[in-house]
Amino acid sequence: MLHEVLLALLGYTGDLIIDDREYQQNLRIQLSPDAPISDECTFKLAPDINFLQSSERDVIERIIKLGFYYRELDRFATKSRNLSWIRSSSESPTSRTSELLKGKKEKQSVYRRAIANGVIEILSVYRSAVLLIEQKLLSDSLPILATVTQGLNKFFVLLPPLFELILEIERDGHHGGRLLNLLHKRCHCGVPELQTCVQRLLWHGHQVLYNQLASWMVYGILHDQYGEFFISRQESRDSEHDSAPDVIEKLKYLSTSDASLTDWHSGFHIALDMLPEYIPMHVAESILFAGKAVRVLRNPSPAIRFQDAPSHQQMSRGSQRAQGYSGQISSSKDSSIGDELLPQSDANKIEYMLQDLKESSEFHKRSFESAVDSIRAIAASHLWQLVVVRADLNGHLKALKDYFLLAKGDFFQSFLEESRQLMRLPPRQSTAEADLMVPFQLAALKTIGDEDRYFSRVSLRMPSFGVPVKSSQVDSSKTKVYGDGDMGASETSLEISLDGWDGITLEYSVDWPLQLFFTQEVLSRYRRIFQYLLRLKRTQMELEKSWASAMNQDHSEFAKLRHDQRSYSISQQRRQSFRPMWRIREHMAFLIRNLQFYIQVDVIESQWNLLQSHIQNSHDFTELVGVHQEYLSALISQSFLDIGSVSRILDGIMKLCLQFCWKIESQESNESTVELEQITEEFNKKSNSLYTILRSSRLAGSQRAPFLRRFLLRLNFNSFFEATARGVLNVVRPRPSLAV
């Protein structure tokens with residue numbers, strides 16, 4: 001009888017101890033590993049046994065439950081460790097297809113296989129305990145059942161919870177990160193023996209995790225055959241039915257730079273359903289960044305070989321950190337480029353850190369986060385070296401400042417002068433861009449030297465603007481000014497746009513690996529600022545040209561009529577009638593000049609100096625990306641492009657200034673001055689509204705525009721704007737007259 005019990009403890013039933021499922025089906029064969037796990041114990045004493053006392057029956061039925069748990073745990077381990085789905089080289093294509101179809105029905109899991117290895121370890125200890133009990137029973141002259149109970153006492157605490165664990169795994173289909181979450185939660189219990197066993201299972205699961213982390217962060221390879229890693233490919237959702245050969249075939253037609261850019265920007269993402277709860281999101285993001293950085297460093301574009309030499313020469317003059325870098329790129333093999341970008345010593349350092357974590361018997365959150373931060377710092381440092389030093393990031397930033405932020409004022413002054421007559425006419429949708437290329441190239445010949453090797457990357461664009469403008473002479477009394485100050489303002493307000501030329505923009509050609517830094521979003525923000533600054537400069541130039549043209553004509557008339565007394569008096573009266581018009585022109589020019597000075601000096605130059613300081617002191621790519629984003633955000637916010645009310649007012653003021661300049665020319669033919677008076681009144685209202693909004697405590701007292709008070713001081717140096725604004729707000733007080 002005792003031998004029957006010992007066999008049942010190892011999962012083998014017989015005549016005295018039966019499996020209820022087999023007994024009911026009249027089967028005497030062992031259950032297949034593919035059979036579902038029973039949720040209740042099916043090992044029982046045979047009903048026809050009548051030679052046992054009820055107390056003995058109770059003890060035996062309690063003991064044989066361990067045999068049931070053992071058998072179910074062993075079946076789970078056998079099923080999870082089944083490697084028959086692996087295709088051998090001798091299989092025919094038909095059999096391979098059938099195996100794949102079976103594999104899709106039964107989802108495989110590397111993590112379950114690892115947990116199964118841990119279960120086998122625990123069951124081996126259990127089998128050793130059963131063997132020891134058998135030896136004691138054989139050596140004992142009077143074997144008793146208490147020997148069995150005493151020898152297996154500790155397993156009554158271990159096997160039932162482990163059975164519940166694998167039952168939940170099978171029922172809910174846990175795998176990958178969800179399986180690690182389940183084990184991590186089960187580790188928190190008050191039974192030391194059970195806690196040790198579950199921690200051992202979790203250790204086995206972490207071995208797979210660390211192997212995947214090593215593949216990702218050391219070699220930049222995503223080794224995740226069954227979608228269990230929390231880093232996954234983005235396109236897997238769109239092409240989940242594609243086979244691996246199909247994906248490889250698609251990637252084969254992409255160039256190295258295209259593939260690396262796709263991987264960097266949208267190739268990989270964090271699968272939240274597979275992210276273990278005990279790994280914080282910021283740590284997962286660091287792991288994602290480190291792997292993508294290693295992929296970039298290990299798979300560089302061949303073009304980097306030709307950029308290397310001039311990049312070093314430029315950056316050695318502009319960055320102190322670049323002076324210590326003296327590596328020369330090898331032109332023999334592309335693999336040698338990757339070895340230089342990520343030295344083998346640093347790759348080994350990353351591998352050693354992960355190996356230390358892997359060998360630890362317990363998972364320590366602080367040690368894990370510290371290792372990930374160190375790995376991320378290594379990857380970010382080498383990526384910084386690639387982008388800042390080799391690719392000459394600072395030179396490209398300076399070029400963007402020169403052309404997109406109008407630092408090369410002489411070039412854009414020349415361009416606007418050359419294209420002034422063209423811009424007085426409505427743009428032709430089919431040839432507008434080609435028409436602008438002539439003055440653009442003329443301005444370049446006059447102002448851009450041969451030493452500027454970045455100008456070739458700049459190109460002028462005139463986007464399609466939809467509804468053509470009927471006339472450039474738009475009556476301000478019938479015009480409503482719209483626009484929210486963003487880069488699409490010229491497209492959303494085209495029907496009331498003065499001349500349709502507001503859509504002029506620039507494109508900048510960026511090579512690998514600078515696309516990692518200058519994304520399309522970043523370049524679109526540069527274009528948004530450029531359109532705003534170009535309109536501002538054009539408005540200022542038109543105001544100056546109108547004054548110069550009028551004064552030139554006035555002097556010519558004076559020289560002709562100074563000997564004709566009657567005509568001279570008429571000319572003097574005419575000049576007196578223009579005095580209010582020139583006063584309002586001066587006020588327009590005063591506001592536009594101060595706004596230009598504020599943006600170019602107080603905003604752009606100060607933020608540029610801060611950016612340069614961070615570039616000199618930073619050695620981290622991610623930190624540099626964040627600083628550059630703050631730089632662009634500061635330019636937009638301090639220029640009021642993100643404040644709808646202010647940007648709409650500024651948009652209206654610039655339109656009124658251009659209208660005014662064109663109306664002056666039409667006024668020379670003795671037309672009515674009603675339109676000029678309407679423009680003047682509208683300008684006064686908008687300028688007063690602008691000053692009132694800017695001087696509010698919400699703006700002037702905030703940190704979003706630290707130099708706004710200087711701008712307001714220059715505008716209101718003689719208290720004119722303040723007095724005028726009060727007059728508008730208080731109808732009782734008369735409006736002060738315009739100063740000459």
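Start by selecting Glu-507 and Arg-527, whose side chains meet in a salt bridge with 3.3 Å from N to O. Keep in mind as you go that this is a predicted model. Glu-507 sits in strand β6 (residues 505–508) and Arg-527 in helix α22, so this contact ties together parts 20 residues apart in sequence. Colour by accessibility and you will find Glu-507 partly exposed, at 29% relative accessible area, whereas Arg-527 counts as buried at 11%.

Next, pick Asp-502, Arg-535, Asp-651 and Lys-655: salt bridges with shared partners join them into one network.

Now jump to Glu-170 and Lys-79, a salt bridge whose closest N and O atoms are 3.4 Å apart. Here helix α7 (residues 155–172) carries Glu-170 and helix α3 (residues 54–80) carries Lys-79, so you are looking at a link between distant parts of the chain, 91 residues apart. Glu-170 is partly exposed, with a relative accessible area of 24%.

For a last stop, show the surface around Val-438, Leu-442 and Leu-445, a nonpolar patch with about 300 Å² of accessible area together. Leu-442 belongs to helix α20 (residues 432–447) and is partly exposed, at 36% relative accessible area.

Key. Residues numbered from 1 in each chain as written. Predicted model: local features only at pLDDT ≥ 70, side-chain atom pairs only at ≥ 80, totals over all residues. Heavy atoms only, no water. Patch = residues over 30% accessible without salt bridge, like charges linked within 9 Å, V, L, I, M, F, W, Y side chains within 5 Å. Areas by Shrake-Rupley, 256 points an atom, 1.4 Å probe, with all protein chains shown as cover. Salt bridge = Lys/Arg side-chain N within 4 Å of Asp/Glu carboxyl O. Helix = DSSP H or I, 4+ residues; strand = E, 2+ residues; numbered from the N terminus. Buried < 20%, exposed > 50% of the residue type's maximum accessible area, 1.4 Å probe, protein only.
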